[in-house]
Amino acid sequence: MNKNIVIVGASRGIGLELTRIFAKLPDVQVIALARNCTKLKDEFSKNTRVHVFSFDLEGDVHDQLAKIAFPETGIDYLINNAGCLIKKPFEMISGQDFSKSFSINVIGVMQTVQYLLPKFNSTFSHIVNISSMGAFQGSVKFPELSAYAASKAALCNFTELFAVEFSDSNIKMNCLCLGAVQTEMLEEAFPGYSAPVSANEMAQFIADFTLRSGKILNGKIIPLSLSTP
Ligand SMILES: NC(=O)c1ccc[n+]([C@@H]2O[C@H](COP(=O)([O-])OP(=O)(O)OC[C@H]3O[C@@H](n4cnc5c(N)ncnc54)[C@H](OP(=O)(O)O)[C@@H]3O)[C@@H](O)[C@H]2O)c1
């Protein structure tokens, strides 16, 4: 099918599983971005369709992306999967913590989309943002996640705003709000908690959603959880 996909936050957890899934599809070029690239490069060293680049959403996003040769045929899919979870009592969250959370979870994403705008496939492309149930209106909230959930909520809001502003274009954008998934991030934030969904299971869903849903949905914020109390 000759498609090009960019995955931001591809080095571990759900992003690594997404990279593995797309790497198996014939005729798909994968541009995999993350800060820690050594293991990614090793794993895909023999797969000429996976291209790994170092990328930090906290750095100069446009400058870093300008150094990457994106496929001339255009980007068909972008998954903004990278995330930063800071879990601290509200009084203990520093200005740096707030800046880091918002830089990685929303501002860096918006700048990535800005830079890639002219590089998307002019016929059709689908951007999928990965947010959290903690950012979904009306869902149960947990303490100590102010910086994380507020920045992910901003990502949800951006999705709606982008879809309106680009409604006449062929670029579609949707946002998935994930419930608990068994990854390093979850284990670091909630040690000992066992999630009902594995990183691979969630990545399978996100991969299917990315490939199939852009022609049907635009600007939607979708909860992906066994319950939305
Ligand atoms: N796991 C869950 O239960 C859960 C629930 C709700 C939402 N989510 C969301 O789902 C997404 C994936 O979560 P996960 O559990 O797989 O997380 P993870 O294991 O911590 O992986 C996060 C990915 O983001 C990348 N990343 C972090 N900071 C970055 C930066 N400054 N620049 C570029 N990339 C960066 C990491 O790579 P490097 O460190 O190599 O840069 C890594 O590849 C996140 O957006 C998360 O918020 C997860």
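Helices here are DSSP runs of H or I with at least four residues, strands are runs of E with at least two, and both are numbered from the N terminus. The expected span of a helix is 1.5 Å times one less than its number of residues.

The model is predicted: local features need pLDDT of at least 70, side-chain atom pairs count only at pLDDT 80 or more, and totals for chains, interfaces and linings use all residues. Residues are numbered from 1 along each chain as its sequence is written, and side-chain values use heavy atoms, leaving out hydrogens and water.

**Stop 1: helix H4**

Select residues 95–116. These 22 residues should span 32 Å at 1.5 Å a residue, and the end C-alpha atoms are 29 Å apart, which agrees. Now go to Ser103. H4 bends there by about 50 degrees; the bend is the angle between axes fitted to the seven residues ending at a residue and the seven starting there.

Colour the buried residues of H4, among them Asp97, Ser103, Asn105, Gly108 and Tyr115. Buried means under 20% relative accessible area, exposed over 50%, partly exposed in between (1.4 Å probe, protein chains only). Show what covers them: the cover includes helix H3 (61–66), strand S4 (77–80), strand S5 (125–132), helix H5 (146–165) and strand S6 (171–178).

**Stop 2: Thr112**

Stay in H4 and pick Thr112. Is Thr112 buried or exposed? Thr112 counts as buried because its relative accessibility is 1%. A polar atom of its side chain lies 2.7 Å from the backbone oxygen of Gly108. Such a polar contact is a pair of N or O atoms within 3.5 Å; within protein, one must be able to donate a hydrogen and the other to accept it, and residues adjacent in sequence count only if both atoms are side-chain atoms. Beyond four places in sequence, Thr112 touches Phe55, Leu57, Val61, Leu65 and Asn80; contact means heavy atoms within 4.5 Å.

**Stop 3: the ligand**

Select the ligand. It is surrounded by 29 residues, and the closest are Ser11, Asn81, Tyr148, Lys152 and Thr183. A residue counts as near if one of its heavy atoms lies within 4 Å. Zoom in on Lys152: an N or O atom of its side chain is 2.7 Å from a ligand oxygen. At Leu57, a polar backbone atom is 2.9 Å from a ligand nitrogen.

**Stop 4: Thr210**

Jump to helix H7 (residues 199–212) and find Thr210. Thr210 is buried, with a relative accessible area of 0%. Its side chain reaches the backbone oxygen of Ile206 at 2.6 Å.
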